[in-house]
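Got your viewer open and your selection tool handy? Let's take a walk through this structure, one stop at a time.

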Amino acid sequence: MRQRTTIPDSDWRDGFLFVGNHLTLDFLNTRPVQNGEPLELLSDFSALLRWFHAAGLLSIPEMANLQPQGGSVAARRTLDAMRQLREKLRKEVLAWEGGAHLHRSTVEELNQLMAAYPMLSKLQASGNAPSWELWFEPRQPEDLFAPVADSAAKLFASVDHNRVRKCGQCVLHFYDTSKKGTRRWCSMQLCGNRLKVAAYAARQRLHANKE
Ligand SMILES: [Zn+2]
């Protein structure tokens, strides 16, 4: 039976879900399942730009610079390739969460992307506490691969796979940064409450049957 669910507003930012605690996982979560059907949030190039903006990767002027290229072959190819990469990463993350080794083809693809679209670094001097940060220059659609590939490489290389899991109730993935490390749901609003309500209803039924 299909479960009818409506995702509440609180887990959305500009029409996208940010419950993953990691850019790569939020990227995977751009294809949630709602009312039993996969929901493609990266529906066109403009949506892709809006996701990058919502994720804090593109400023409004940067988004406006890329927007006119939306009808180009490069934009269409980038959107297709971005979705393909997302689905490849989804399979890889799922297996990796379970302790599997990364496929060589995934490692090679990420290395190729990082070589072609590297992140740049800069030193920010503000007061007496200079900071170092990564940035990229989004001149053409393909440049958007820079932060995505960088983030995926960092996830696999520096995050404990035991702390990354798929929600017990839905297709969303998250990085469990809780102290105890026992988070089971993508979010309390999306799935936690649903489970609690289901458990409560089951207890009520049990109680009613006893009477
Ligand atoms: Zn969930």
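**Stop one: two crossing helices**

Select residues 104-116, helix H5, and residues 145-158, helix H6: their axes come within 9 Å and cross at roughly 135 degrees. (Axes are lines fitted to C-alpha atoms, for helices over the stretch in contact, and angles run from 0 to 180 degrees between N-to-C directions.) H5 and H6 are therefore oblique to each other; angles under 35 degrees count as roughly parallel, over 145 as roughly antiparallel, 65 to 115 as roughly perpendicular and the rest as oblique. Now show the side chains where they touch: Leu 110, Leu 113 and Met 114 on H5, and Phe 145, Ala 149, Asp 150, Ala 152 and Ala 153 on H6. "In contact" here means that the C-beta atoms of two residues, placed from the backbone, lie within 7 Å.

Before moving on, a word about what you're looking at. This is a predicted model, in which local features need pLDDT of at least 70 and side-chain atom pairs count only at pLDDT 80 or more, while totals for chains, interfaces and linings use all residues. Residues are numbered from 1 along each chain as its sequence is written.

**Stop two: zoom out**

Show the whole chain as a cartoon and you'll find seven helices and eight strands. Helices (H or I, at least four residues) and strands (E, at least two) are DSSP runs, numbered from the N terminus. The C-alpha atoms fill a box of roughly 70 × 40 × 40 Å, taken along the principal axes. Of the 211 residues, 27% are buried. A residue is buried if 20 or more other C-beta atoms lie within 10 Å of its own, exposed if 12 or fewer, and partly exposed in between, with C-beta atoms placed from the backbone.

**Stop three: the buried side of H2**

Select residues 45-54, helix H2, and colour Phe 45, Leu 48, Leu 49, Trp 51 and Phe 52, which are buried. They're on the same side of H2, because they cover an arc of only 155 degrees around its axis, the arc being that of the directions from the helix axis to the C-beta atoms. What do the buried residues of H2 pack against? Strand E2 (16-17), helix H3 (60-66) and helix H4 (73-97). Just after H2, click on Gly 56, which has a positive phi of about 80 degrees.

**Stop four: a hairpin**

Next, select strand E5 (residues 120-124) and its partner E6: they pair in the antiparallel sense over five bridges. (Two strands pair if DSSP finds at least two bridges between them.) Six residues sit between the two strands of this hairpin, and Gly 127 in the turn has a positive phi of about 65 degrees. Look for Leu 120, standing opposite Trp 135 in E6. Is E6 buried or in the open? It lies largely in the open, because the number buried among its five residues is zero.

Stay on E6 (residues 131-135) and pick Leu 134. Leu 134 counts as exposed, because it has 12 C-beta neighbours inside 10 Å. Leaving aside neighbours within four places in sequence, Leu 134 is in contact with Met 119 and Ser 121. Draw a distance from Leu 134 to Ser 121: their C-alpha atoms are separated by 4.3 Å, though the two are 13 residues apart along the chain.

**Last stop: two loops**

Most residues other than glycine have a negative phi. Now click on Asp 14, whose phi is near 50 degrees, a positive value. You'll find Asp 14 in the loop between strand E1 (12-13) and E2. Then go to Asn 35, which isn't a glycine but has a positive phi of about 55 degrees. Asn 35 is in the loop between strand E3 (33-34) and strand E4 (37-38).
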